[in-house]
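Me: I keep meeting labels in structure descriptions. Help me see what stands behind them.

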Amino acid sequence: MQNNVRLRLFSNIVIVYMLLALAWWSFLLFTKNRDAFISKVELQKLVMIANNEIQTDEAFLASPIYQNLLKKYQRQEWMILGEALVFAIILVIGIWFINRGYNQQVNTAQLSRNFLLSITHELKSPIASIQLVLETLKKRQLNEAQIKKLSHNALQDTNRLNTLVNDLLLAAKVETAYRPHIETISLSTLLPELISKLQHRHPTANFDFRQSKEDISMAGDLTGITSVVMNLLENAVKYSHQTKPAIVTSLREVGEKVSIQFADNGIGIPDKEKNKVFERFYRVGNEDTRQTKGTGLGLYIVDQIIKAHQGSITVSDNRPQGSIFTINLPKEQG
Ligand code: ATP
Ligand code: MG
């Protein structure tokens with residue numbers, strides 16, 4: 001970071017220096033050009049007076065020779081101005097491009113750092129806890145209840161690992177090889193099913209399902225759509241930081257599209273982060289200070305799957321607090 005700031009400062013100084021130098025050289029050229037013009041005019045006047053071609057200043061100013069000199073001088077002035085402007089514009093455009101590339105580099109570096117930190121944590125902690133469980137089972141004589149509890153924990157950790165690895169694979173796949181396998185999906189059936197699965201996982205959460213009419217369906221990829229819904233619902237629970245989070249899923253038909261909304265009363269997403277959360281590995285806040293677990297892959301996968309279905313996803317604020325994720329999907333794949 002320190003290096004970045006220094007580099008920024010240095011490049012800004014160079015840019016300012018270049019612009020100042022440009023202004024200074026243009027100014028110098030202007031004055032030199034004017035000096036040359038005045039000397040030429042004076043010389044010409046002396047020659048003409050000596051040759052008795054003119055008597056007064058007015059006669060000289062009206063003479064074609066003076067007029068020619070004046071025209072040439074003015075043309076040169078415009079030329080200097082034009083060149084300076086073109087140079088400045090090219091310089092600014094160049095700087096803009098360089099800056100943009102630089103910012104992208106910094107962002108990518110930040111994202112991969114975030115990813116590395118979270119992935120190491122996400123991989124290491126379940127492995128460590130499974131190891132601990134196995135060592136305990138090996139060393140100690142435990143009763144049935146204790147064994148059950150330990151193996152339950154270990155199983156939970158293997159599940160976590162499994163989800164993580166699947167997410168990583170899915171993320172790699174959605175970028176290149178993902179083609180939705182289209183079939184008719186009854187959202188009116190699928191959504192309550194997935195919600196009850198999550199209800200099982202988070203017994204204290206308060207899930208609510210609403211639909212504008214019975215039996216809404218669409219043509220899409222069942223695995224993909226399931227992954228989208230699970231990711232959004234998991235996020236809604238995870239980023240509520242409450243013991244009893246309330247999550248409302250609403251399904252509607254709008255013309256040739258279906259719209260699904262997931263509304264929570266959680267911590268919400270600041271405006272300037274709203275677009276970024278769909279980027280790969282992006283997580284709000286700083287990895288070092290963040291409490292919740294995750295890799296920042298979920299919403300990226302969601303976004304890619306929805307794009308592959310020619311749909312769209314947006315996020316807005318819920319009232320009084322929380323976020324609403326809205327997805328729009330065409331009923332038929334064109
Ligand atoms: P995982 O890959 O395990 O899903 P993740 O949940 O951190 O990890 P995403 O699902 O891509 O990753 O979410 C990206 C970020 O967007 C989250 O880290 C969180 O900061 C923010 N976010 C996502 N959903 C919500 C929500 N419902 N409320 C508030 N913030 C959210
Ligand atoms: Mg997530």
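Reply: Start with the word helix. A helix here is a DSSP run of H or I with at least four residues, numbered from the N terminus. One note before we go on: this is a predicted model.

Me: Where does Thr-136 belong by that rule?
Reply: Thr-136 sits in helix 3, which covers residues 64–139.

Me: Why is Pro-180 called partly exposed?
Reply: Its relative accessibility is 21%. Buried means under 20% and exposed means over 50%. The value for Pro-180 falls in between, so the label is partly exposed.

Me: Where is Pro-180, and what does Pro-180 contact?
Reply: Pro-180 lies in the loop between helix 4 (144–176) and strand 1 (182–186). Beyond its neighbours within four places in sequence, Pro-180 is in contact with Asp-221, Ala-308 and His-309.

Me: Why is the pair of Trp-96 and Phe-97 called edge-to-face?
Reply: A search of the whole structure finds 6 aromatic pairs. In the pair of Trp-96 and Phe-97, the ring centres are 5.3 Å apart and the planes stand at 75 degrees. Centres must lie within 6.5 Å, and planes over 60 degrees apart count as edge-to-face.

Me: What makes Phe-278 and Phe-325 an edge-to-face pair?
Reply: Their ring centres are 6.3 Å apart and their planes are at 80 degrees, so this pair is edge-to-face. The pair links distant parts of the chain, 47 residues apart. Phe-278 is in the loop between strand 5 (257–264) and helix 7, and Phe-325 is in strand 7. Both Phe-278 and Phe-325 are buried.

Me: How do you know that Asn-235 makes a polar contact with ligand 1?
Reply: A polar side-chain atom of Asn-235 lies 2.8 Å from an oxygen atom of ligand 1. That is inside the 3.5 Å limit, so the pair counts. The protein covers 95% of the 600 Å² of accessible area that ligand 1 has on its own.

Me: Which helix gives the most to the shell around ligand 1?
Reply: Helix 6 does, with 3 residues.

Conventions
Residues are numbered from 1 along each chain as its sequence is written. Chains are lettered from A and ligands numbered from 1 in the order in which they are written. This is a predicted model: local features need pLDDT of at least 70, side-chain atom pairs count only at pLDDT 80 or more; totals for chains, interfaces and linings use all residues. Side-chain values use heavy atoms; hydrogens and water are left out. Helices (H or I, at least four residues) and strands (E, at least two) are DSSP runs, numbered from the N terminus. Buried means under 20% relative accessible area, exposed over 50%, partly exposed in between (1.4 Å probe, protein chains only). Contact means heavy atoms within 4.5 Å. A polar contact is a pair of N or O atoms within 3.5 Å; within protein, one must be able to donate a hydrogen and the other to accept it, and residues adjacent in sequence count only if both atoms are side-chain atoms. Accessible areas come from the Shrake-Rupley method with a 1.4 Å probe; for residues, only the protein chains shown count as cover. Rings of Phe, Tyr and Trp (its six-membered ring) pair if their centres lie within 6.5 Å; planes under 30 degrees apart count as stacked, over 60 as edge-to-face and the rest as tilted.
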